[in-house]
Amino acid sequence: MIRRARAVPRHSSLRLGLGVAAILLVVAACTGAATPASSGPTPAPGALKVVATTTVLADMVRQVGGTNVDATSIVPKGAVVETFDPSPRDIAAVSAADLVVMNGLGLDDWLKRVITAANPDVPVVRLGEDLPGVDYISGGAGEAVNPHLWLDVSNGERYAARIADALATADPARAADVRAGGDAYRARLTDLDAGVRARIATIPAADRKLVSFHEAFPYFAKAYGLEIVGSVVGVPGQDPSAGEVATLIDAIKGSGAKAVFAEAGFNPDLARAIATEAGVSVESNLYNDSLGDPPVDTYEGLIRWDVDRIVAALGGRG
Amino acid sequence: MTFDPHSHPHDHPAERRLATVDAGLDSGHARAHSDVWLSDVSAGYGDRVALENVNLAVEAGSLLAVVGPNGAGKSTLLKLMAGLLQPWHGRVEVLGHPAGQQARRVAYVPQAELVDWGFPVTVDDVVMMGRYPALGRFRRPGPDDRRAVAAALEQVGMAAHASTQIGELSGGQRRRVFLARALAAGPDLFLLDEPVTGVDATTQEDLMDILEAEARSGKTVVATTHDLACAAQRFQQVATVNRTIIAHGPSSLILDPDVLARTYGGHLLVLGGQTVVLDDAHHHDDAPGKERHFHEGGGSAGGGSHHEHPEP
Amino acid sequence: MDLLIEPLTHVFFVRALIAASLVGVVCAVVGTFVVLKGLAFIGDAISHAAFPGVVAAYIVHGPILIGAAIAAVITALSIGFVTRRAGVRGDTAIGVLFAGAFALGVFMFSTIQGYVGDLFGFLFGSLLLTGVEDLVTLAILATIVLVVVALLWKELLYATFDPQGAAASGLRVEALEYLFLGLVALTIVVSLQAVGIILVVAMLVTPAATGQLLTVRFGMLVLLAVVIGIGSSVLGLYVSYWLDVATGATIVLVQTGLFLGALALGPRTGLLSRRGRPERPAVLAVGDHVPG
């Protein structure tokens, strides 16, 4: 009904604006839930809802639990975990979770506040904390301990064991299934571990030196016989100071490292600048706490990918 | 020559001519009968002296005009009386107490320019503010207050505009509203800074009628003004100011060329038997942009079109 | 309607709604006076100056709100002091001081080794992470501020409108000024959790500014500001939930949108006004104040 009174907005731009707003609301209402599970089997109805912080951890949960779990992650592919700011949807996902899986050790501490606010009683697994059999490496930059355990595949195995325990406790009805899945996964990881060791061994001893973007690789290096010359970014989210950059460049030149490794998702310019200055090559596609597109869409794929890149850059074979 | 506030001035015109107010005022007698009493006061802003050696006693029930050139200290004098400014030296007593302490019994009406006219308040709201001092800290306005507000609006002829936002009022209407605010407070002393400056003749008449009525009923009214004709015709007493009190006595003093000369610093012109006072903006070290204005001594009502600037 | 109900099934959302509404009310009430007194810039200064307080509290592992409150109140009173002494030039001094204070905060922040994620919440707000204790603290502080404003309502009104007249009538205008600045500081601290340091001045100023475009009556102005404050918080929360975006920023964008809408369409300045211009008398009466 058209009214001619002055009260009706005469401007068509207002009606346009209202229309746009209405469409936005409708679209929003149709938007689905949190990050959908990408690879992996379709969860069975009534599957245990597991929320993990990173895509890596979510993949591990899926590999262990199979169709018994509906695993989602909060930090999307390619984002920086340490400084992540959870969105409303993420918080809602935590509030609906049956089990929360996180790394701990400072990598994803922001999740604690979310848990307290959204789901204080949910069981939480801190995979990296007090893990038996791990030789912890102290963290740089004020962290007590470096959290990047899983890059040493034997730690990945330990993670898988913990995940299996947690799933079994949270969902006793499917405990047997879950444990079987866990055992199978761990067997694959053992093979992977051996494979990585062999391939790294093909790098000439003098060239087994690593300069990485933030301190993600100490456990990897220690496990597989590489030396870490230094890292580009001390703490993610804070750029290195001029002094730190100069020190790093000197260290690279002095050590004879052949390449700087930057991570997918970080600004490669900084690494490239340092590499040019130091006269070495740059490999800017390593992954550590976040998956990518296939073939880096599983933990195993991530490890293989990184090893491929490192071996190629440092002159190994195989 | 000692100035005796109790003698009736029209008896001794010769003495009036030389009337300077001096320290003889410090007598308890003068002080006890005055609503406003200043003794040896000097005051200013920063390092600038605005007033010095001021001695003044204003009797209860006076209708006093304070006149003087721009920058002479008229507004300063009023602020001292209102307790808004502390003197550097000397004492200011109002209604028997140091200035500023009897604020509930004193209504100060500032120059119109200094208020935010876009403020979202109505005429009613503004006049009600006059009741706040009496209400004290935590009470809300009640029916008595509303009655007082209505009566004050009636008195100034603004009852019909009670719900109008003040920004929509004309200059004259705004003056009426501010006077109504003062009236609603029911004070014993009115201090008005340029109340009739720059308003139309009708408003001027109406406002002066009200002030006269208040003085007649025993209230004391002190108002600054540029309008010498109005001061001479409508006020009972006048005090002329130019950094100090030059003269204080009945309003016919204004017609005295000698008083005018000493108050307005010699910028005097005699044209065809009429004395015209020229207030030269450059004579005082004030902010630039003040314009000249003309007054006729003893002539018709003044107040042509001129732009007023607030005195510091 | 499922759009409205579904988020309410999450306790964290309900807490966020309550917190946002409380913040909306307090900011609207105090913000009305901030807008009328022209203190928006000072409000921004106080909120930025709270940052070093937040960082310092974080470094010594003390309660962050207390650190923010101390820094905010000190800044507020100092600004009051500077403004009174320096007059117009005060706004330059304020700009210098608060930028310096914020830089101090960034400086201290850069010395922190390790995890600093919690601090980001104070820069941009973390409404959805409001815990029960946060809510209680918020409610208490908000109540204190609102009670003080209610008690001193007419004094604040008089002193804002006509400081000279108010002083002459016996009001202690200077003391009231300092008290009010302290209230602004508290309001800002209360609102930090909702929208963070960067955006809190928007919550303080925009609802009242919008109200000003819609009414000339003081009482109605405050009422409108409160309604807009609560409404925009609720709407912003829902929109941010469904669009999965930053909550604080969404609330502020809603408020800004309402302001622009009122500007474009409102009775005083917009298309619906008879003149389409702000009210000014057609002829300046002699002696009228020329604004500017």
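**Terms and their grounds**

Guide: Let us begin with one residue of this predicted model. Leaving aside residues up to four places away in sequence, A:Val101 touches A:Val50, A:Ala52, A:Leu57, A:Val61, A:Val125, A:Leu127 and A:Ile163. A:Val101 belongs to strand β3 (residues 99–102) of chain A.

Visitor: Why is A:Val101 called buried?

Guide: The term requires 20 or more other C-beta atoms within 10 Å of the residue's own. A:Val101 has 29 other C-beta atoms within 10 Å, and therefore it is buried.

Visitor: How many residues lie between A:Val101 and A:Lys222 in sequence terms, and how far apart are they in space?

Guide: A:Val101 and A:Lys222 are 121 residues apart in sequence, and their C-alpha atoms are 26 Å apart in space.

Visitor: Let us turn to chain C. What makes α3(C) roughly parallel to α5(C)?

Guide: Helix α3 (residues 40–59) of chain C and helix α5 (residues 90–111) of chain C pack at about 25°, and their axes are 8 Å apart. Angles under 35 degrees count as roughly parallel, so α3(C) is roughly parallel to α5(C). Their crossing is left-handed.

Visitor: Which kinds of residue make up the contact of α3(C) with α5(C)?

Guide: The residues of this contact divide into 16 nonpolar, two polar and one charged. Those in α3(C) include C:Phe41, C:Ile42 and C:His48, while those in α5(C) include C:Asp91, C:Gly105 and C:Phe109. Asp counts as charged, and Gly counts as polar.

Visitor: In chain B, what makes β2 and β5 edge strands?

Guide: Four strands of chain B form an open sheet in the order β2-β1-β4-β5, with antiparallel pairing. Strands β2 (48–59) and β5 (97–98) of chain B each pair on one side only, and they are the edge strands.

Visitor: How do you know that β1 and β4 of chain B pair?

Guide: Two strands pair if at least two bridges are found between them. Strand β1 (residues 34–45) and strand β4 (residues 89–94) of chain B have five bridges, in the antiparallel sense. B:Leu38 stands opposite B:Val92 in β4(B).

Visitor: Which helix lies across β1, β2 and β4 of chain B?

Guide: Helix α3 (residues 74–82) of chain B does, running at about 120° to β1(B).

Visitor: How many helices and strands does chain B have, and what share of its residues is buried?

Guide: Chain B has 10 helices and 13 strands, and buried residues make up 51% of its 312 residues.

Technical notes:
Residues numbered from 1 in each chain as written. Chains lettered and ligands numbered in written order. Predicted model: local features only at pLDDT ≥ 70, side-chain atom pairs only at ≥ 80, totals over all residues. Helix = DSSP H or I, 4+ residues; strand = E, 2+ residues; numbered from the N terminus. Contact = placed C-beta atoms within 7 Å. Axes fitted to C-alpha atoms, helices over the stretch in contact; angles between N-to-C directions. Parallel < 35°, antiparallel > 145°, perpendicular 65-115°, else oblique. Left-handed = near helix turned anticlockwise from the far one by under 90°. Buried ≥ 20, exposed ≤ 12 C-beta atoms within 10 Å, placed from the backbone.
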